[in-house]
Amino acid sequence: MPTRRRFIALSSATVASAALIPTLARPLLAQTATEPAQPAEGFQVDPRFQPQVVRIKNTFAPGQLLILPRSHYLYFVIEPGKAIRYGVGVGKAGLEFSGTATIDVKKEWPTWRPTDEMIARSPSTYAKFNGTDYVMPGGPGNPLGARALYLFQDGKDTYFRIHGTIEPSSIGRSVSSGCIRMLNSHVIDLYKRVPLGTVVTVL
């Protein structure tokens with residue numbers, strides 16, 4: 001079982017050459033002609049949270065996702081010893097998900113409704129959902145952003161997601177109700193790379 005310390009030590013050896021990034025990350029970050037218009041992400045995220053190719057331990061299988069909440073990084077393993085690293089926003093202390101899950105559902109421009117626990121914690125924030133069946137339709141103003149990857153354990157929904165965000169300033173911070181947030185352009189890129197059944201490990 002990998003530990004957070006060992007993984008950080010191995011993943012910190014970043015491949016510094018910028019020439020690797022365009023060939024592996026940049027092509028899929030461009031918005032396609034069929035992609036719905038999105039609000040401009042005017043906030044400039046710290047460059048270290050932009051997608052970049054990094055080294056990781058060879059034992060992590062290609063296609064696997066690894067998330068280090070304390071470092072605010074998500075890794076998509078592309079080949080033995082190499083991964084694309086994305087910056088993410090994560091859950092507040094006490095609300096984080098940890099362990100292993102699989103992506104059993106993928107949705108483009110997903111609908112959203114806060115969980116009952118979220119409504120109970122902040123009834124004024126989620127007043128329009130309290131006591132109703134209202135579900136917010138997908139679109140540029142939806143908190144789940146452009147894409148969502150739904151995490152399941154043993155066939156049961158964990159209610160944790162990897163998703164886009166309408167709050168780009170939350171990338172690199174621990175502010176969510178537990179889900180993993182990505183910039184919309186980044187989650188669109190990741191969405192294209194990961195199939196259903198992808199294993200996700202949160203250390």
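Trainee: Are Tyr73 and Tyr75 buried or exposed?

Mentor: Both tyrosines, Tyr73 and Tyr75, are buried in this predicted model.

Trainee: How do you know that Tyr73 counts as buried?

Mentor: The relative accessibility of Tyr73 is 10%. Buried means under 20%, so Tyr73 qualifies.

Trainee: What makes the pair of Tyr73 and Tyr75 edge-to-face?

Mentor: Their ring centres are 6.2 Å apart, and the planes stand at 70°. Centres within 6.5 Å make a pair, and planes over 60 degrees apart count as edge-to-face. The pair of Tyr73 and Tyr75 therefore takes that name.

Trainee: How many aromatic pairs does the structure hold?

Mentor: Two. Phe49 and Tyr73 also pair, with ring centres 5.6 Å apart.

Trainee: Why is the pair of Phe49 and Tyr73 called tilted?

Mentor: The planes of Phe49 and Tyr73 are at 55°. Stacked needs under 30 degrees and edge-to-face needs over 60, so this pair is tilted.

Trainee: Which parts of the chain does that pair link?

Mentor: Phe49 is in the loop between helix H2 (20-24) and strand S1 (52-55), while Tyr73 belongs to strand S3 (residues 73-79), 24 residues apart. Phe49 has a relative accessible area of 4%; with the cut-off for buried at under 20%, Phe49 is therefore buried. Phe49, Tyr73 and Tyr75 form one aromatic cluster.

Trainee: What makes Arg85 a charge over the ring of Tyr73?

Mentor: The charged end of Arg85 is 4.0 Å from the ring centre and sits over the ring. The distance limit is within 6 Å, with a further limit of within 35 degrees of the ring normal.

Trainee: Which strand is joined to S2 in the parallel sense?

Mentor: Strand S11 (residues 199-202), through three bridges. In S11, Ile67 has Val202 as its bridge partner. S11 also pairs with S6, over four bridges and in the antiparallel sense. Ala101 stands opposite Val200 of S11.

Trainee: Why is Pro143 called partly exposed?

Mentor: The relative accessible area of Pro143 is 25%. Buried is under 20% and exposed is over 50%, so Pro143 falls in between. Pro143 lies in the loop between helix H3 (116-121) and S7.

Trainee: Which residues is Pro143 in contact with, leaving aside neighbours within four places in sequence?

Mentor: Trp112, Met136, His163, Gly164, Thr165 and Ile166. The C-alpha atoms of Pro143 and Gly164 are separated by 7.5 Å, and the two residues are 21 apart along the chain.

Note on methods
Residues are numbered from 1 along each chain as its sequence is written. This is a predicted model: local features need pLDDT of at least 70, side-chain atom pairs count only at pLDDT 80 or more; totals for chains, interfaces and linings use all residues. Side-chain values use heavy atoms; hydrogens and water are left out. Rings of Phe, Tyr and Trp (its six-membered ring) pair if their centres lie within 6.5 Å; planes under 30 degrees apart count as stacked, over 60 as edge-to-face and the rest as tilted. Helices (H or I, at least four residues) and strands (E, at least two) are DSSP runs, numbered from the N terminus. Buried means under 20% relative accessible area, exposed over 50%, partly exposed in between (1.4 Å probe, protein chains only). Two strands pair if DSSP finds at least two bridges between them. Contact means heavy atoms within 4.5 Å.
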